[in-house]
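Visitor: I would like to learn how to read a structure like this one. Please take me through it feature by feature.

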Amino acid sequence: MNTGIPLSYFLILAAIMFFIGIYGFLTRKNLITILMSVELILNSVNINFVAFNRYLYPHKLEGFFFTLFIIAVAASEAAVAIAIIINIYRRFTTINVEDVDVMKY
Amino acid sequence: MTSNQFMFLLFSMIIIVFSVLTVTSRKILRAAVYLLFVLVSTSGLYFMLNYQFLAAVQLTLYAGGIVVLIIFSILLTSHINQKFDPVERKKSLFSALAAIAGAIVTIITILDFKFSATTEAAMEVNMRQVGNSLLSVGKDGYILPFEVISILLLAAMVAAIVIAKKAGPKNPQS
């Protein structure tokens with residue numbers, strides 16, 4: 001099954017993607033783009049899980065199911081986050097994080 | 001270079017380039033489309049690792065569901081032609097420094113560590129097996145997280161509706 005690609009290549013790719021997500025999380029100001037950076041981070045973790053499962057424990061399915069459940073959690077997280085963002089937009093007519101500084105009227 | 005290595009190189013190039021574009025693009029709709037490219041090539045990596053079901057889930061849920069949700073909310077909250085202000089130079093510099101330092105530490109650790117693979121025979125992943133262990137209570141069964149995730153999805157659905165619905169006029173009788 002060994003595909004001629006060492007495990008560490010997958011891990012390095014995931015690490016680079018993770019830190020690009022961190023950079024976006026730190027520099028972006030729009031709430032939706034911050035959410036997109038979080039999706040990048042989650043996705044890189046998924047790559048890690050799948051690569052570990054395939055390379056180190058190919059007789060089990062633990063990483064596989066972990067990834068499946070992470071995808072489900074990410075989907076519900078995106079749904080709730082977007083509901084909150086739309087609600088914020090309705091109150092403040094902006095979704096810039098620097099202008100949204102009141103938690104409760 | 002074998003075809004496998006070539007495909008891995010291609011996918012990783014696409015992932016890295018479009019990830020950078022996702023977090024730096026100044027037009028928000030373009031950033032969403034770049035994110036779509038990243039997610040699709042991630043599912044390509046899953047196909048390379050022989051997890052076809054996971055790749056299909058990634059394509060339908062991430063690329064099909066989440067990106068469409070994000071694009072919907074972009075259309076509801078922003079003007080298409082609006083461009084973000086460029087990031088302040090100091091903030092961008094320090095964030096990039098933090099990210100690069102973290103990446104270097106992580107990559108050095110990965111390259112140093114000796115991963116020892118198991119010697120047991122690889123398992124062929126077919127749909128029958130996935131379904132069985134998703135609903136089995138015995139060894140290698142995942143029914144508890146399955147049930148928890150179903151409750152979580154229900155709660156998220158209810159929460160999304162409750163949060164996003166318009167506050168109606170106050171009912172005077174209640």
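Two chains, step by step

Guide: Of the 105 residues of chain A, 46% count as buried. A residue is buried if 20 or more other C-beta atoms lie within 10 Å of its own, exposed if 12 or fewer, and partly exposed in between, with C-beta atoms placed from the backbone. This is a predicted model, in which local features need pLDDT of at least 70 and side-chain atom pairs count only at pLDDT 80 or more, while totals for chains, interfaces and linings use all residues. Residues are numbered from 1 along each chain as its sequence is written, and chains are lettered from A and ligands numbered from 1 in the order in which they are written.

Visitor: What share of the 174 residues of chain B counts as buried?

Guide: In chain B, 20% of the 174 residues count as buried.

Visitor: How many helices and strands does chain A have, and how many does chain B have?

Guide: Helices (H or I, at least four residues) and strands (E, at least two) are DSSP runs, numbered from the N terminus. Chain A has three helices and zero strands. Chain B has six helices and zero strands, and its pattern along the sequence is α-α-α-α-α-α.

Visitor: How do I read the radius of gyration of each chain?

Guide: For chain B, a compact globule of 174 residues would have a radius of gyration near 16 Å, but the chain has 22 Å. The C-alpha trace of chain B spans about 70 × 50 × 30 Å along its principal axes. Now take chain A, whose elements run α-α-α from the N terminus on. The radius of gyration of chain A is 18 Å, well over the 13 Å that the rule gives for 105 residues, so chain A is more spread out than a compact globule. Its C-alpha trace spans about 55 × 25 × 15 Å along the principal axes.

Visitor: Into which domains is chain B divided?

Guide: Domain bounds come from an automatic or database domain assignment. That assignment gives domain 1 (1-82) and domain 2 (124-165) in chain B. The centres of these two domains of chain B, taken over C-alpha atoms, are separated by 24 Å.

Visitor: How many residues of chain B are in contact with chain A?

Guide: Two residues are in contact if their C-beta atoms, placed from the backbone, lie within 7 Å. By that rule, 70 residues of chain B are in contact with 62 residues of chain A. Helices H1 (3-24), H2 (28-48), H3 (52-77), H4 (89-112) and H6 (143-164) of chain B each supply at least two residues of the side that touches chain A. H3(B) gives the most to that side, with 13 residues. The residues of this side of chain B divide into 50 nonpolar, 17 polar and three charged. Here Ala, Val, Leu, Ile, Met, Phe, Trp, Tyr, Cys and Pro count as nonpolar, Asp, Glu, Lys and Arg as charged, and the others, Gly among them, as polar.

Visitor: Which residues of H1(B) are buried?

Guide: Phe8(B), Ser12(B), Ile15(B), Phe18(B), Ser19(B), Thr22(B) and Val23(B) are the buried residues of H1(B). They cover an arc of only 150 degrees around the axis, which puts them on the same side of H1(B). The arc is that of the directions from the helix axis to the C-beta atoms. The buried residues of H1(B) pack against helix H1 (7-27) and helix H2 (31-55) of chain A, together with H2 of chain B. On the face of H1(B) turned away from its buried side are the exposed residues Ser3(B), Phe6(B), Leu10(B) and Met13(B).

Visitor: What should I look for in phi?

Guide: Most residues other than glycine have a negative phi. Asn50(B) has a positive phi of about 75 degrees although it is not a glycine. Asn50(B) is found in the loop between H2 and H3 of chain B, and is partly exposed, with 15 other C-beta atoms within 10 Å. Thr93(A), also not a glycine, has a positive phi near 50 degrees. Thr93(A) is found in the segment after helix H3 (62-92) of chain A, and is exposed, with 9 other C-beta atoms within 10 Å.

Key
The radius of gyration is taken over C-alpha atoms; the globule rule is 2.2 Å times the number of residues to the power 0.38.
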